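Subject: Structure for your review

Dear colleague,

Please find below the structure that I am handing over to you. My notes on it follow directly after.

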Amino acid sequence: MRTVLLLLLLSGCAHHDIEVINYEVNKYSYVHDSISGRHGVYPMSPTQAGDCEDYAYTKCLMIRNLYPDKETFYLYRYGKPSHAALMVDGMVLDNQYKFLYPYVEENWTRISPWSCETQPLGTNR
């Protein structure tokens with residue numbers, strides 16, 4: 001995580017930095033909670049896999065580290081399967097997509113401001 005943050009600090013453009021965070025974190029391995037046995041939201045790393053909530057949390061921590069005043073939102077979709085992602089500046093950072101995409105309200109069940117300091121609302125945990 002430190003290497004990614006150092007590279008981003010050198011680039012200086014918030015939107016570009018957020019794209020890089022999404023792209024780089026999405027390279028981390030996915031593992032469902034039922035397989036990992038880890039319930040809750042945890043930071044990920046290249047050696048620590050996680051689920052969609054963990055991807056959102058890791059991205060949130062990185063963005064908040066670079067841009068402490070940047071508003072971040074937790075997105076959650078109930079269903080089979082349920083899914084979580086992060087929104088910043090109207091763009092969704094999603095572990096299922098390589099690139100950011102615009103937020104569309106109908107695609108998500110819940111949106112809530114998220115400081116990354118507490119358990120996100122809308123999770124089943």
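In this predicted model, the link of Cys60 and Cys116 is left-handed, with -65 degrees about the S-S bond. The two residues are 56 apart and belong to distant parts of the chain: Cys60 lies in helix α4 (residues 52–66), and Cys116 in the segment after β5 (110–113). Helices (H or I, at least four residues) and strands (E, at least two) are DSSP runs, numbered from the N terminus.

The structure holds one disulfide, a term for a pair of cysteine sulfur atoms within 2.5 Å. Here the S to S distance between Cys60 and Cys116 is 1.5 Å. In general, a disulfide is a covalent bond between the sulfur atoms of two cysteines.

Are the two cysteines buried or exposed? Cys60 counts as buried because its relative accessibility is 0%, and Cys116 is buried at a relative accessible area of 5%. Buried means under 20% relative accessible area, exposed over 50%, and partly exposed in between (1.4 Å probe, protein chains only).

Helix α4 is mostly covered, with 12 of its 15 residues buried. Among them are Tyr55, Tyr57, Met62, Ile63 and Leu66. Cys52 is also buried, at 11%. From first C-alpha to last, α4 reaches 22 Å, close to the expected 21 Å; the expected span is 1.5 Å times one less than the number of residues.

Residues are numbered from 1 along each chain as its sequence is written. Local features need pLDDT of at least 70, side-chain atom pairs count only at pLDDT 80 or more, totals for chains, interfaces and linings use all residues, and side-chain values use heavy atoms, with hydrogens and water left out.

Yours sincerely
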